[in-house]
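Subject: Structure handover

Hi,

Please open the structure below and keep it on screen while you read. My notes follow it.

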Amino acid sequence: MLRIEDTDRERSTPANVEQILDALHWLELDWDEGPFSQAERRPRHEEAISRLLDEGHAYRDEGAVRLRVDPEGETAVSDEVRGEVRFPHSGIKDFVVARSDGSPLYNLAVAVDDLDMGITHVVRGEDHLSNTPRQVMVLEALGAEPPAYAHLPLLLGPDGKKLSKRHGAASVQELRDAGYLPEAVRNYIALLGWGLDESTTFMTTEELVEGFSLDRVSKSPAVFDEQKLRWMNGRYLRELSAERLTEILEQRHGREGLGDAVGIAQEKMQTLDDFWTLAAFLVERQDFDEGAWDKVMSDGAVERLSAAREALAGAEPFDTESVEAALRGVVERLGVKPKEVFQPVRVAISGTTVSPGIFESVAALGRDETLSRIDLALDRARA
RNA sequence: GCCGCCAUCGUCUAGGGGACUAGGACGCCGCCCUCUCACGGCGGAAACCGGGGUUCGAAUCCCCGUGGCGGUACCA
């Protein structure tokens, strides 16, 4: 039985817990909630406290109950990633295990819970390492063997500050909203503070489960790098079938009929959000970007654009192949560079100089819409 | 203050005394591909925190320093 710290116990609001579980669910990670309810656990905690009191391991001090700590001794914690860590008791005073009102404190509650639940491995953030000797002392006073501990390096934000768990669920939510795929996030996070070997980067969940080992967990904190996540997400996006991606995007945007657009934008996307910036022009007309317009609609652009219009008007059938043939024919006839024809067309249909492939885009728009957008551009250029 | 953890390219990391001229990935730069942007391919710049030891030999082991982080609560 493995316990993964941590869902805050008493201090967690239901909404908070809800968020965390929601994040785990989105990441497609399994979990077992265990006995969350403090109310349920309370009798066991009180039992442990009175045992500690009866056996002289703890005493009352101004109402609160404190555990006795032998000032001469030391407590060693055996940690799966850091080895044996020794804590001289000179740095640990008798500590409170129960408040004056009898309610248990974290270090006691967690130790008793671990014991009752038969926990064998406690895996949690490094921020708990210094608390561990206290939990071990509680367990020892109770005559129990402490579980194995593994303290993982903290995750830092780009600012170098720790990515707190209390905001952790929120940031997983942010990643989802920003258009990252759960499998990419899962894969990326696995690589923070751990690696299978010196070069493996992409791993399925099965491979992760199969290959994970605590002895390859690193000891130093890791900074979350969104650039790398974007790259990885792009790779996962391109592995999706066009059908599946269309389904995801149609649901995300609450629209139908995005298939063609998805087909030609997929290879350029890094996040789901990128889709709209890349392909919005295929769905609705965009305003002309002034910079792009000035750059492309220079001398002779009107002639080249009208020639392209003529060719497209006669292209039959209006698919990618014949569009390409028509446009390349114009290039040849005019004896100009390909881009001198393609870029004006691109600006005419998309409003800007950056877009997916021109032949696919024109074909996807259809003849009528394409010609009408070109006419609009022509009018504007002549005005 | 005291206790503890950590320290390799900008970032994630490999490395466990000689295989290190320090490897891979993201990002960056250049070239190729090319209708733009991407994708892809090729190439490049880029790091062992500092000082002492130990050793024939140290990125690797030890000590000190420095820096970052955590704990030291009738918080979790």
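Arg-304, Leu-305 and Ala-308 in helix 13 meet Glu-340, Val-341, Pro-344, Val-345 and Ala-348 in helix 15. "Meet" here is contact, with heavy atoms within 4.5 Å. Helices (H or I, at least four residues) and strands (E, at least two) are DSSP runs, numbered from the N terminus. Helix 13 covers residues 301–313, and its axis is 9 Å from that of helix 15. The two pack at an angle of about 80 degrees. Axes are lines fitted to C-alpha atoms, for helices over the stretch in contact, and angles run from 0 to 180 degrees between N-to-C directions. Helix 13 and helix 15 are therefore roughly perpendicular (65 to 115 degrees; under 35 is roughly parallel, over 145 roughly antiparallel, the rest oblique). By class, their contact has 6 nonpolar, no polar and 2 charged residues. Ala, Val, Leu, Ile, Met, Phe, Trp, Tyr, Cys and Pro count as nonpolar, Asp, Glu, Lys and Arg as charged, and the others, Gly among them, as polar.

Some ground rules. This is a predicted model: local features need pLDDT of at least 70, side-chain atom pairs count only at pLDDT 80 or more, and totals for chains, interfaces and linings use all residues. Residues are numbered from 1 along each chain as its sequence is written, chains are lettered from A and ligands numbered from 1 in the order written, and side-chain values use heavy atoms, leaving out hydrogens and water.

Now the RNA. 57 residues surround RNA strand B, each with a heavy atom within 4 Å of it. The closest are Arg-82, Gly-193, Lys-268, Arg-346 and Ser-355. By class, this surface has 21 nonpolar, 12 polar and 24 charged residues. Helix 8 gives the most to it, with 5 residues.

A polar side-chain atom of Ser-130 lies 2.9 Å from a base nitrogen of RNA strand B. For Val-223, a backbone N or O atom is 3.0 Å from a phosphate oxygen. The side chain of Gln-343 has an N or O atom 3.4 Å from a sugar or linking oxygen.

Last, the sheet. Three strands form an open sheet in the order 2-3-6, with antiparallel pairing. Strands pair if DSSP finds at least two bridges between them. Strand 2 and strand 3 have 4 bridges. Helix 4 (residues 132–141) lies across strand 3 and strand 6.

Best wishes

How values were computed: Polar contact = N/O pair within 3.5 Å; in protein donor to acceptor, adjacent residues only side chain to side chain.
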